[in-house]
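Hello,

Here is the structure I promised to pass on to you. Have a look at it first, and then read on for my notes on what turned up.

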Amino acid sequence: MNQKTTRISPEEIARQKDFCAQIHAMNAALPAQPLAYVDTYGCQQNEADSERLRGYLSEMGYGFTGDENAADVIILNTCAIREHAEQRVFGNLGALVHAKRNHPGQIICVCGCMAQEKHVSERIKQSFRHVDLVFGPHALWRFPELLWRIHTRRGRIFDTPDEAGSIAEGIPVRREGKVKAWVSIMYGCNNFCSYCIVPYVRGRERSRQPEDILSEVRALAAEGYKDITLLGQNVNSYGKDLGREGVDFAWLLEQVNAVPGDFLIRFMTSHPKDASERLFDVMAKCEKVAPHLHLPFQAGNDRVLKAMNRGYTREHYLGLIAALRQRIPDIVLTSDIIVGFPGETTEEFEDTLKVLEAVRFDALFTFIYSPREGTPAAKMPDPMSKEEKAANFQRLVDLQNAISAEKQAAYVGKTMRCLVDVLSDDPRHNLNARTAGGRLVHFSGDESLLGQYVDLKITDSSTWALFGELA
Ligand code: 5AD
Ligand code: SF4
């Protein structure tokens with residue numbers, strides 16, 4: 001594998017835009033505007049990648065649809081993190097046979113993390129013959145060229161090079177909304193947690209230059225975006241690969257904080273082994289940095305953490321939380337947890353429950369371990385039965401739900417500045433807003449409030465949401 005980070009040259013991106021222009025000319029000659037459907041699975045990095053695919057598609061003259069039968073180009077941007085995510089993709093991909101039968105010129109593409117897995121691209125090659133184009137995250141920047149080749153030649157394309165990864169600046173971005181924006185600050189991961197497929201499919205850690213990040217944030221702030229999330233698999237190691245004195249994640253946060261505008265800064269994901277007190281100091285002093293930290297701890301037992309190759313102990317983790325709370329007492333804390341890692345006993349799992357009780361997270365993302373082909377954990381003995389793992393998982397969820405409900409109830413009676421971000425799917429309220437800490441609030445109000453900050457008085461709460469009224 002090539003271990004060097006390549007920076008894709010501006011000339012190369014200009015060449016890709018030439019392909020966009022050629023496809024645009026072809027599309028303009030059609031009787032009606034052709035449509036594209038980008039179906040995104042998985043994490044925010046995939047959402048951000050889909051915004052770039054839509055940016056390219058828009059330059060090619062495509063309109064957008066959410067209907068697979070109406071689409072001329074369908075892209076499934078996939079996630080490989082757990083088996084369940086992969087099964088959903090294969091299920092939906094299988095069903096597209098019918099869409100294509102009714103629409104023979106339709107082009108079907110699969111990209112994202114699954115596309116990069118060898119056994120997946122092989123399976124698509126053999127058993128999903130209606131798929132025209134498969135490309136991995138490393139090839140996303142050259143999507144226009146790939147689509148042009150599909151349009152102009154017969155035959156399928158599989159472009160999934162095994163490489164350390166590149167950085168491409170200047171790809172057009174078409175964002176979903178006008179309120180929240182994702183900004184990738186780095187790509188890839190070097191941590192090789194023993195259960196995780198990400199380092200194998202997304203390559204080595206590589207940071208964007210701070211100037212590129214800051215000019216993107218400045219443009220977003222000037223356009224009126226109110227909520228900007230800095231993205232990376234492990235944002236705390238931002239800058240390590242740049243070799244530029246003083247450039248690290250805490251420094252970058254300060255620079256982003258200094259960008260003029262009325263917006264909040266969020267970031268994910270942080271790794272406990274690299275989170276520092278210096279970062280917490282910067283979070284505390286930067287007024288735009290949201291009072292929220294997502295800090296995955298995965299498991300509460302030191303033997304299990306070691307087998308996971310996480311690089312910290314429970315004591316270190318609890319020390320970080322204490323140091324953070326000392327600086328920002330009302331910080332909102334969330335985390336990721338895996339139950340049923342190979343060899344984890346029920347007694348060891350109970351150490352995870354103890355961490356929940358000690359920290360009292362506001363919310364958790366909880367997962368049952370899912371073996372990923374090619375990772376070290378997939379080869380470890382895994383004697384615990386599915387039923388026992390499910391029972392432990394339920395204990396975890398019950399404990400966290402009780403904690404979440406108590407923490408949510410403590411908001412009732414308070415008035416909080418919230419950002420109104422989307423229409424609500426709650427039957428009693430038409431709008432959703434978020435507190436600075438990221439808690440969801442349902443309330444009723446005029447739709448013109450979308451994208452604005454409002455003061456909401458919290459009147460009620462549940463495990464998952466708060467309910468409020470305009471103060
Ligand atoms: N099985 C279950 N959960 C996993 N995660 C990552 N890999 C796996 C796996 N093989 C979880 C971790 C990570 C989150 C994004 O997904 O908790 O933090
Ligand atoms: Fe996966 Fe660990 Fe990297 Fe997160 S830090 S992406 S869990 S390997």
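F297, Y312, Y317 and F361 are linked into a cluster by ring pairs. Please keep in mind that this is a predicted model. F135 and F143 are both buried. Another pair is F192 with Y200: the ring centres are 5.3 Å apart and the planes stand at 85°, so this pair is edge-to-face. The angle is over 60 degrees, which is what edge-to-face requires. F192 is partly exposed, at a relative accessible area of 29%, and Y200 is partly exposed too, at 33%.

Now for the chain as a whole. What does its secondary structure come to? There are 13 helices and 21 strands. The radius of gyration is 23 Å, which agrees with the value near 23 Å that a compact globule of 471 residues would have. Along the principal axes, the C-alpha trace spans about 60 × 55 × 50 Å. Of the 471 residues, 56% are buried. Among contacts with a separation of 6 or more, 75% are between residues 24 or more positions apart.

The accessible surface of the chain is about 20200 Å², and carbon and sulfur atoms hold 50% of that. The side chains include 56 positive and 62 negative ones, and the centres of these two sets lie 3 Å apart.

Next, some backbone details. Most residues other than glycine have a negative phi, and most peptide bonds are trans.

- M268 and T269 are joined by a cis peptide bond, with omega at about 5°. T269 belongs to the loop between β13 (264-268) and α9 (277-285).
- Q298 has a positive phi, near 70°, and is not a glycine. Its place is the loop between β14 (292-294) and α10 (302-307). With a relative accessible area of 7%, Q298 is buried.
- R360 also has a positive phi without being a glycine, here near 55°. This residue sits in the loop between α12 (346-359) and β16 (363-368). R360 is partly exposed, and its relative accessible area is 31%.

Is L456 buried or exposed? L456 is buried, because its relative accessible area is 0% and the cut-off for buried is under 20%. It is part of strand β20 (residues 453-461). Between L456 and T415 there are 41 residues in sequence, yet their C-alpha atoms are 5.4 Å apart in space. Apart from neighbours within four places in sequence, L456 is in contact with K414, T415, M416, C418, A433, V441, F443, E469, L470 and A471.

I185 has a relative accessibility of 0% as well, so it counts as buried. Where does I185 lie? Its place is the loop between β9 (180-184) and β10 (186-187). With neighbours within four places left aside, its contacts are S207, R208, I213, L230, L231, V235, Y238, F249 and L252. From I185 to Q233 the C-alpha distance is 9.6 Å, and the two are 48 residues apart in sequence.

A21 and R266 are 245 residues apart along the chain, and their C-alpha atoms are separated by 36 Å.

That is everything I have for now. Happy browsing, and do write back with any questions.

Best wishes

Terms used. Residues numbered from 1 in each chain as written. Chains lettered and ligands numbered in written order. Predicted model: local features only at pLDDT ≥ 70, side-chain atom pairs only at ≥ 80, totals over all residues. Heavy atoms only, no water. Helix = DSSP H or I, 4+ residues; strand = E, 2+ residues; numbered from the N terminus. Rg over C-alpha atoms; globule rule 2.2 N^0.38 Å. Buried < 20%, exposed > 50% of the residue type's maximum accessible area, 1.4 Å probe, protein only. Contact = heavy atoms within 4.5 Å. Areas by Shrake-Rupley, 256 points an atom, 1.4 Å probe, with all protein chains shown as cover. Lys, Arg positive; Asp, Glu negative; His and termini not counted. Charge placed at Lys NZ, Arg CZ, Asp CG, Glu CD. Phe/Tyr/Trp six-rings, centres within 6.5 Å; stacked < 30°, edge-to-face > 60°.
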